[in-house]
2 protein chains.
Amino acid sequence: MAPWGKRLAGVRGVLLDISGVLYDSGAGGGTAIAGSVEAVARLKRSRLKVRFCTNESQKSRAELVGQLQRLGFDISEQEVTAPAPAACQILKEQGLRPYLLIHDGVRSEFDQIDTSNPNCVVIADAGESFSYQNMNNAFQVLMELEKPVLISLGKGPSDEHHPEVKADGYVDNLAEAVDLLLQHADK
Amino acid sequence: MAPWGKRLAGVRGVLLDISGVLYDSGAGGGTAIAGSVEAVARLKRSRLKVRFCTNESQKSRAELVGQLQRLGFDISEQEVTAPAPAACQILKEQGLRPYLLIHDGVRSEFDQIDTSNPNCVVIADAGESFSYQNMNNAFQVLMELEKPVLISLGKGPSDEHHPEVKADGYVDNLAEAVDLLLQHADK
């Protein structure tokens, strides 16, 4: 195998995942994975461009970056790509005003977004906000639209590290309910 | 076409659906469908045995029969087959103790069922009881079982008469979450 220097010859930057790569989430802000703080520091001292990405959809980048900084990471909000700001860009580009079926922890990412008179639904791992009432609010918004738009911030299934009901089923639930009703209406 | 008398020659009984056949549900107990009260009365005066069936899973037979009697129907609780009592029979036969993710209106049907230390989940159109907490309670019960048992009282999808999120997606959500986690555990 070629030495690292040679293998990286054509590489101009690195994109690092965060959860499970830099740190393990958990009580009290989680813990850094051994060697990861120093690895990020070395990459930043190198000629490589460093950026971070995450599928975290229950907290804002500000909160996530704050946690990571407290764990010793050299990281800033502008270096992080996450589902919520990506969704905000789509919303702005397409003139969409969302009903937000999301976790309170990520709500601040949508502070600049007009949510009046919604013409789409943004759904994410909403946790306790997955109430029947909120599901029906989202459903009613979608049903009143000629072409329902449902934007999901990721469909994380349950696994042994996350033994709870996740957004997956809620996304499918809403999409199928709307689809069924639309098919019915098309008859 | 043969006259009715001849066509019914080999028929010993009739099984009547209730919702949308005898009455339309709605505010104030709903309304009888034209001619249905008299039709039931005539059938009962005939030599035919008459029984009723329903997929109603949000109210007890006692409540449903009370509504129908107030609308003028000759009907008693013992003549009605419904999902909840059918589920109770399965639970008793198989020694199952359910966690009940159901509508409060149908809970009385399970009064004689032991729900301590649950070893299965019974799910139905739970309405407001489809909270994230209750979904996770059900999920945790299923996950602690070697062979998870999920009994559904029917999977009514949304339609133009029921424009709300129904049990369908919640049943699938729970089943898939458990299935995903089990597959993960099997690796």
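**Exercise 1.** Which residues touch the most other members of the largest nonpolar core?

*Solution.* This is a predicted model, in which local features need pLDDT of at least 70, side-chain atom pairs count only at pLDDT 80 or more, and totals for chains, interfaces and linings use all residues. Residues are numbered from 1 along each chain as its sequence is written, chains are lettered from A and ligands numbered from 1 in the order in which they are written, and side-chain values use heavy atoms, with hydrogens and water left out.

Step 1. A nonpolar core is a set of buried Ala, Val, Leu, Ile, Met, Phe, Trp, Tyr and Cys residues joined through side-chain atoms within 4.5 Å; buried means under 20% relative accessible area, exposed over 50%, and partly exposed in between (1.4 Å probe, protein chains only).

Step 2. The largest core has 35 residues, and F130(A), L174(A), F130(B) and L174(B) touch the most other members.

Step 3. Two or more residues come from each of β6 (98–101), β7, α5 and α6 (167–186) of chain A, and from β6, β7, α5 and α6 (167–186) of chain B. Helices (H or I, at least four residues) and strands (E, at least two) are DSSP runs, numbered from the N terminus.

**Exercise 2.** Find the aromatic pairs and say where their rings lie.

*Solution.* Step 1. Rings of Phe, Tyr and Trp (its six-membered ring) pair if their centres lie within 6.5 Å; planes under 30 degrees apart count as stacked, over 60 as edge-to-face and the rest as tilted. Over all chains there are two such pairs.

Step 1. F130(A) and Y132(B) make a tilted pair, at 6.2 Å centre to centre and 45 degrees between the planes. This pair crosses between chains, from the loop between β7 (120–123) and α5 (132–143) of chain A to helix α5 of chain B. Both F130(A) and Y132(B) are buried.

Step 2. The ring centres of Y132(A) and F130(B) are 6.3 Å apart and the planes stand at 45 degrees, so this pair is tilted. Y132(A) is in helix α5 of chain A and F130(B) in the loop between β7 (120–123) and α5 of chain B, so the pair joins two chains. Y132(A) has a relative accessible area of 11%, and F130(B) one of 1%.
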